[in-house]
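Subject: Structure handover

Hello,

Here is the structure I promised you. Please open it and keep it beside this email as you read.

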Amino acid sequence: MTGMLTQFRSYERSARLLMVNQFTINLGFYMLMPYLAAHLSGTLGLAGWLVGLVLGVRNFSQQGMFLVGGALADRFGYKPLIVAGCVLRTLGFATLGLVDSLPALLAASAATGLAGALFNPAVRAYLAAAAGDRRLEAFALFNVFYQAGILLGPLVGMVLTGVNFQVTCLVSAGIFALLSIVQIRALPARGDETAPAGDDRRAGLPSSWRGVLANRPFLLFSGAMIGSYVLSFQVYLALPLEVRRLGGEGEFGTAAVAGLFAVSGLSTILGQTRVTRWCKARMTAGRALARGLLTMGLAFVPLLAATALPVPAEGPGRWALAAVPPALCALLLALGTMITYPFEMDTIVRLSGNRLVATHYGLYNTICGIGITLGNLLTGAALDASRSAGLPALPWIALPVLGLACSAALYGLHRTGRLAPVAGPAAAMG
């Protein structure tokens, strides 16, 4: 931890502020979102499909607007979009705690999603610019703060929601209000607001989008990386379902699911910077990305192996079978993410040719968001099919195959030179 603190202090103030901001953003977000569905269905008494609609509007408005948010950041500068996103999320979260009508809830949910679309690409582009040649290490440290917020947020939210969900909303809104003030006062202006007249960053949004969509190596890389997001998301989908299938819905099942998140978050906090340092010293970015995806695919082998074991009717044997293979899977998924994430973020900047960086991040988030949605639908279908057909191994075969395929795709891009830095602005655009 001392070494991590020393590394943190070695960055300029704006980079340090962005890392702390990301921890606070995730703290405020995850103290509220895990408990929103229960509030909507329980306290407000909404039907299940209406709960899904409210939550879906948030996801759609975020994923669908990432490209717009990134392009606006490149056009007007990173700081204004970061501030606008924090202000919008302040309003959205406060509204979620104060209203009970469906139109107001939908508007608030859309606002919280749009807020993420505004500040996420801008934050990453700003950090890449602020870190300079130390982008790789900066993104590794950024991920530590990111995961710490995810880990702590639900715990704080559980305490606050135990008092009242409205308190949770107002505290979360207060956090984002404070963040807005801090950004306005302490974050230096940086980004493409310094681009000269006539620069392609000063072009309109359609022109920026056309340029990014013409960047074939970037699009190929984005498609290959979808698998990493589908696989890592199974900590929230397939693994909890498997734990509860074997461990039940009682206290053990709840504790085991919480353990999955703890394993994932704590391992990243403790190991991210060490893993990045080790990988950087021994392999190129392309090899690191391919090996990270391979690790994520192989993470499901413990679950596949567990399907060959007899399932005890009850007792410690059943609990061990319900908890240990998913925990090993969560640990290996975290390791694979630790390997890939810093190289992934750095590769996007390199493939952009250091031009329209936020727009590239925005499109990347949109592509991966669509991939997660489709991947989760297919994973859910595989889980259902495995139970109805009596083939428990089916999803644990399909997910490693996805990891191996994406790993091979990334290695192919690396071997053919498509992950190499782009030379010159013209190359960056096509």
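Below is what was found, topic by topic.

This is a predicted model, where local features need pLDDT of at least 70, side-chain atom pairs count only at pLDDT 80 or more, and totals for chains, interfaces and linings use all residues. Residues are numbered from 1 along each chain as its sequence is written, and side-chain values use heavy atoms, with hydrogens and water left out.

**Salt bridges**

Side chains of opposite charge can pair when their charged atoms come close. Here a salt bridge means a side-chain nitrogen of Lys or Arg within 4 Å of a carboxyl oxygen of Asp or Glu. The count comes to 4 salt bridges.

Start with R135 and D346. They form a salt bridge, and their closest N and O atoms are 2.7 Å apart. R135 lies in helix α7 (residues 135–163) and D346 in helix α15 (residues 316–351), so the pair ties together parts that are 211 residues apart in sequence. Helices are DSSP runs of H or I with at least four residues, strands are runs of E with at least two, and both are numbered from the N terminus.

Are these two residues buried or exposed? Buried means under 20% relative accessible area, exposed means over 50%, and partly exposed is in between (1.4 Å probe, protein chains only). R135 has 16% relative accessibility, so R135 counts as buried. D346 is at 12% and counts as buried too.

D346 also forms a salt bridge with R350, with the closest N and O atoms 3.2 Å apart. R350 and D346 are 4 residues apart in helix α15, so about one helical turn separates them. R350 is buried, at 16% relative accessibility. Put together, R135, D346 and R350 are linked in a network of salt bridges.

Next, look at E242 and R245. Their salt bridge has its closest N and O atoms 2.8 Å apart. Both residues lie in helix α11 (residues 238–247), 3 residues apart, which is about one turn of the helix. E242 is buried, with a relative accessible area of 8%. R245 is partly exposed, at 38%.

**A buried arginine without a partner**

Now find R89, in helix α5 (residues 78–98). R89 is buried yet has no salt bridge. Which side chain of opposite charge is nearest to R89? It is E344, 18 Å away. For this search, Lys and Arg count as positive and Asp and Glu as negative, while His and the chain ends are not counted. Contact means heavy atoms within 4.5 Å. Leaving aside neighbours within four places in sequence, R89 is in contact with I25, F29, Q62, T112, A115, G116, F119 and F176.

**Cysteines**

A disulfide is a covalent bond between the sulfur atoms of two cysteines. The rule used here is a pair of cysteine sulfur atoms within 2.5 Å. How many disulfides does a search of the whole structure find? The search finds 0. C169 is in no disulfide, and the nearest cysteine sulfur, that of C86, is 17 Å away. C169 is buried, with a relative accessible area of 0%. The sulfur of C279 is 18 Å from the closest cysteine sulfur, in C406, which is too far for a bond. C279 is buried as well, at 2%.

**From α15 into α16**

Most residues other than glycine have a negative phi, and most peptide bonds are trans. N354 has a positive phi, near 60 degrees. N354 sits in the loop between α15 and α16 (357–388). L356 lies in that loop, and its phi is also positive, near 50 degrees. N354 is exposed, with a relative accessible area of 51%. L356 is buried, at 2%.

V357 lies in helix α16. V357 is buried, at 4% relative accessibility. Not counting residues up to four places away in sequence, V357 touches D74, Y78, A125, V349 and S352. V357 and P121 are 236 residues apart in sequence and 8.3 Å apart in space, C-alpha to C-alpha.

**A nonpolar patch**

L294, L298, V301 and L404 make a nonpolar surface patch of about 290 Å². Patches are made of residues with over 30% relative accessible area and no salt bridge: like charges are joined within 9 Å, and nonpolar side chains (Val, Leu, Ile, Met, Phe, Trp, Tyr) within 5 Å. Accessible areas come from the Shrake-Rupley method with a 1.4 Å probe, and for residues only the protein chains shown count as cover. V301 lies in helix α14 (residues 301–306). V301 is partly exposed, with a relative accessible area of 36%.

Best wishes
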